[in-house]
Amino acid sequence: MKSVLLSWQFWALLSAAFAALTAIFAKVGIEHINSDFATFIRTVVILVVLGGILIGTGQWQDPASVSGRTYLFLALSGLATGASWLCYFRALKLGDAARVAPIDKLSVVLVALFGVLFLGEKLAMPNWIGIALIASGAVLVAYKA
């Protein structure tokens, strides 16, 4: 059992479950407020909880020990995350969670493409078929007849 709890697959499935809850909770939470302000509240909650986890588990790291390159790419990642959250919450405000979330998950397809193009990662034919199926599935779920 210990090896399952340490596997990337376990944590990826847990991430997917929490992402699904994020869409449901957010859709209800943004019902009567501006989506950008809702994103701000969500971000504050994340900062407080994560700060508590880092301190509580002794994982806090001296900021001076982090390289400039690491700061640059984490800052870029943070900017992309913020932009993603703003767009996601705006989409949830305007659309159905059951349709917004699958389109948001097209990020899986984009990560695969960007990984190949920019990181030199290699994917086999079954991987490409899976990517095509994910893209097709997302479009079909989001389609409103």
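This is a predicted model: local features need pLDDT of at least 70, side-chain atom pairs count only at pLDDT 80 or more; totals for chains, interfaces and linings use all residues.
Which residues does Ser35 touch, not counting residues up to four places away in sequence? The answer is Phe89, Arg90 and Lys93, where contact means heavy atoms within 4.5 Å. Residues are numbered from 1 along each chain as its sequence is written, and side-chain values use heavy atoms, with hydrogens and water left out.

Back to Ser35, which sits in helix H3 (residues 35-56). Helices (H or I, at least four residues) and strands (E, at least two) are DSSP runs, numbered from the N terminus. Ser35 has a relative accessible area of 4%, so it counts as buried; the cut-offs are under 20% for buried, over 50% for exposed, and partly exposed in between, using a 1.4 Å probe and protein chains only.

Now for the rings. Rings of Phe, Tyr and Trp (its six-membered ring) pair if their centres lie within 6.5 Å, and planes under 30 degrees apart are called stacked, over 60 edge-to-face, and the rest tilted. That rule gives four aromatic pairs. One of them joins Phe114 to Phe118, a tilted pair with 5.6 Å from centre to centre and 50 degrees between the planes. Why about one helical turn between Phe114 and Phe118? Because they are four residues apart in helix H6 (residues 107-119). Phe114 is partly exposed at 44% relative accessible area, while Phe118, at 64%, is exposed.

A charge also turns up over a ring: Arg42 lies over the face of Trp85, 4.3 Å from the ring centre. To count, NZ of Lys or CZ of Arg must be within 6 Å of the ring centre and within 35 degrees of the ring normal.

Seven residues of domain 1 contact five residues of domain 2.

Finally, the unreviewed UniProt entry puts the feature "transmembrane region" at residues 6-25, 37-58, 70-88, 100-119 and 125-143; such annotations may be inferred rather than shown by experiment. Residues 6-25 are 90% helix and 0% strand, with end C-alpha atoms 28 Å apart. For residues 125-143, the figures are 95% helix, 0% strand and 27 Å between the end C-alpha atoms.
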